[in-house]
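User: Hello! I am new to this structure and would like to get my bearings. Could you take me through it step by step?

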Amino acid sequence: MRKLFFALVTAALGSLALAQSGKLEIFSWWAGDEGPALQALIDLYKKRYPNVEVINATVTGGSGVNARAVLKTRMLGGDPPDSFQVHAGQELTGTWVVADRMEDLTPLFNQEGWMNRFPKGLIDLISYKGKIYSVPVNIHRSNVMWYVPAKLREWGVQPPKTWAEFLTVCQTLKSKGLEAPLALGENWTQQHLWESVALGVLGANDYSNLWNGKLRFNDPKVVAVWNTFGRVLDCANKDASGLSWQQAVDRVLEGQAAFNIMGDWAAGYMTTTKGLKPGEGFGWAPSPGTAGVFMMLSDSFGLPKGVKNRTNVLNWLRLVGSKEGQDAFNPLKGSIAARTDSDPSKYNAYLQSAMRDWKSNRIVGSLVHGAVAPESFMSQFGTVMEIYLSSRNAQAAANAAQAIATQVRLGQ
Amino acid sequence: MNWFRNKDTLYGFLVILPSLVLLGIFVYGFIFQTFYTSLTDWGRDPAQALSANPQIRFIGLENYRELFTGFVDARFRQDLVNTFFFTVFFILGCLSLGLGLAIVLDRSPKGEGFFRTIFLFPMSLSFIVTGTIWRWMLQPQGGVNQLPTLVGLPRGEFAWLTSREQIWQVSWNDLPFITALVVSAVLVFIAIAAFRGGERRRGYIASGSAALLLLWALTLGRSLQPLPFDELHGFNLAFIGIILAAVWQMSGYTMALYLAGLRGIPEELREAARVDGASEWQLYQRIIFPLLAPITLSAMIILGHISLKIFDLIFAMAGADNAPTDVPALLMYLTTFRANQIAKGAAIGMILLLLVAAVIVPYLYSQLKSEVRR
């Protein structure tokens, strides 16, 4: 008995000592503009655990397009990073949780009292079969329409509330000599527009039903989404595929276009890079038909199975989920905290309005940014978009989407 | 044991053994593994795609069947068509430009060394650098499209890399028929050459198979429809930009090949032809071009396998997601690492390998045969 006690004490002491030293490798795609936000988190971590060597393993490439490929080769090769950045939702569960690669973090959430700190819609999104698998650090909103208030006054139009209104406004602007009232960018921003159109046309309930398999993609309601999408595309610039999302935002700021639909990282771009004041230099509204709904995407960190520095990772996750950590990270990143109790005074006017919506709105997840559909679907959705753009046949696109959904067992 | 009778043979074998083992594992071993993977369902079940010990099942040629006849894999078929057109125009462009430059330089103009270096320089760049430079030049708003304004013309409007225009459209269902026609035309050509050369047996075999193939194409071939609906594929005009950049990079190299060939033609031959009263055109047509034929073949092989494998140039110029400029190598990357469809990605890889092999193997075979003859 004494021996056992002794062994336990040694083990406890050992793990305590380990918690103070060793390494922690954090794998993410936050480089460039987003680097300082991650650095702020790492600095906080170093302050708490000065003896831990933090390895900041970033792989550049927007939205993690390159990082995810590197991550997969590392995981398949049996060399998981201690903690990796992943979009909360199906990008995590559909790829890593179903493959049994992640540890259950429900005990951590209970221990830290996070169950009441994060909105229920978000917890549902990061759970799989009742267990929670990642700690969300930030929230971005996908369904936002951006404009320049002064320009709209000049043209004499109001930000449209529905897609039908949008199309009318579009005609008005075209008759006033604006060639392309909607600014659109490369490939993924077109899919980004699609999810806003889908949410606006279907409404939050049917939109969610698409992803749990209750609403089929070849349902007439969804075919109608493609038809509306086609009419909206007619309002957009023809050289879209050649523009980055920043260039598309620039078109709005320069007055070559009236509206742009983009996630709220656009607010960060306009305030930080362009030096504009939220509400004066640029204005925003929920994308048409989606008032009261918050289409979210979120970056989160999880705990892969079989990592070398488990205690260090758990400490990292505690920091990532804490109020202090989130309020240090998010004002720099240009996003809002996933927690509902963060301090609004640290955020700018746009982010404060997003925080209010985050607490009161209905929450749904984004398709393009990995929240509601597994990677196998999301990545092949590009093919569906291709079929639509080259044929302009709504039924063909809807059938293709359903074929892929069946193939990847979406919602099962 | 004949092998060990001679010590040199033993030493020779021992010396090449390490490279044999490494090649065996890292080239042929992995080719075989990829081939096996392509026959499985790895990636169809998301729970198994990236698990530590994936359970994968053997499903035969299902992945290949889907790629060629499946409803959702239209993008792969368009990519094959893209690769075909890219290869044709890339090789034609490099060969004609390279040959032209070589002929000019062969006449020893002033500053030959200077121009030779200039034309060769693009080759020393990596495709990523070339791609980035041309990406800027082909922006719809600037670069090449601004050129006409220099002489007072309106700005160019072509969208280059993102254009969705497609010409020479053919239905995928007509492809077996068209392929049969092309192959039998080639066979007829071989037969005529054989009869002319006096190889009667070869001529009969070639013309016989051509007739059989034509018969099949005209009767059963028309009813072979891989898809239940017509799916049009054609030449994406967006590829013009890619072809420009690739030709810009590789034509200097082709020029160097041709220049070496031209310099290898003895001066006596040219003089003898001139003495016999050959005009300059006849000199090239009858003496020089036939002597350059082996160089053309080598250049075609080298350029051909580059164009079939092309990935980095397009990745840098248009990105992996720009569907109008997609090729199978890019799709393989997307399928494997984005969509987690590992087995299907492996199948695309195997098809690429077969295409390259179809170009390389006959060449290697003919090279080896001619070496033995010597």
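This is a predicted model: local features need pLDDT of at least 70, side-chain atom pairs count only at pLDDT 80 or more; totals for chains, interfaces and linings use all residues.

User: Which share of chain A is buried?

Analyst: A residue is taken as buried if 20 or more other C-beta atoms lie within 10 Å of its own. Among the contacts in chain A with a separation of 6 or more, 78% join residues 24 or more positions apart. Of the 412 residues in chain A, the buried share is 51%.

User: Into which domains is chain A divided, and what distance separates their centres?

Analyst: Domain 1 of chain A takes in 10-140 + 296-365, while domain 2 takes in 144-295 + 367-407. Taken over C-alpha atoms, the distance between the two centres is 28 Å.

User: Which element gives the most to the side of domain 1 of chain A that touches domain 2?

Analyst: The contact involves 23 residues of domain 1 and 24 residues of domain 2. On the domain 1 side, at least two residues each come from helix 4 (90-97), strand 12 (293-297), helix 15 (349-360) and strand 15 (362-365) of chain A. By class, that side has 10 nonpolar, 10 polar and 3 charged residues. The element that gives the most, with 5 residues, is helix 15 of chain A.

User: And where chain A touches chain B, which helix supplies the largest share of the chain A side?

Analyst: This contact takes 33 residues from chain A and 25 residues from chain B. Helix 3 (65-76), helix 4, helix 9 (187-212), helix 16 (375-391) and helix 17 (394-407) of chain A give two or more residues to the chain A side. That side has 14 nonpolar, 12 polar and 7 charged residues. The largest share, 10 residues, comes from helix 16 of chain A.

User: What about chain B: how many helices and strands does it have?

Analyst: The C-alpha atoms of chain B fill a box of roughly 80 × 75 × 55 Å. Buried residues make up 30% of its 374 residues. Its secondary structure comes to 15 helices and 2 strands.

Methods: Residues are numbered from 1 along each chain as its sequence is written. Chains are lettered from A and ligands numbered from 1 in the order in which they are written. Domain bounds come from an automatic or database domain assignment. Two residues are in contact if their C-beta atoms, placed from the backbone, lie within 7 Å. Helices (H or I, at least four residues) and strands (E, at least two) are DSSP runs, numbered from the N terminus. Ala, Val, Leu, Ile, Met, Phe, Trp, Tyr, Cys and Pro count as nonpolar, Asp, Glu, Lys and Arg as charged, and the others, Gly among them, as polar. A residue is buried if 20 or more other C-beta atoms lie within 10 Å of its own, exposed if 12 or fewer, and partly exposed in between; C-beta atoms are placed from the backbone.
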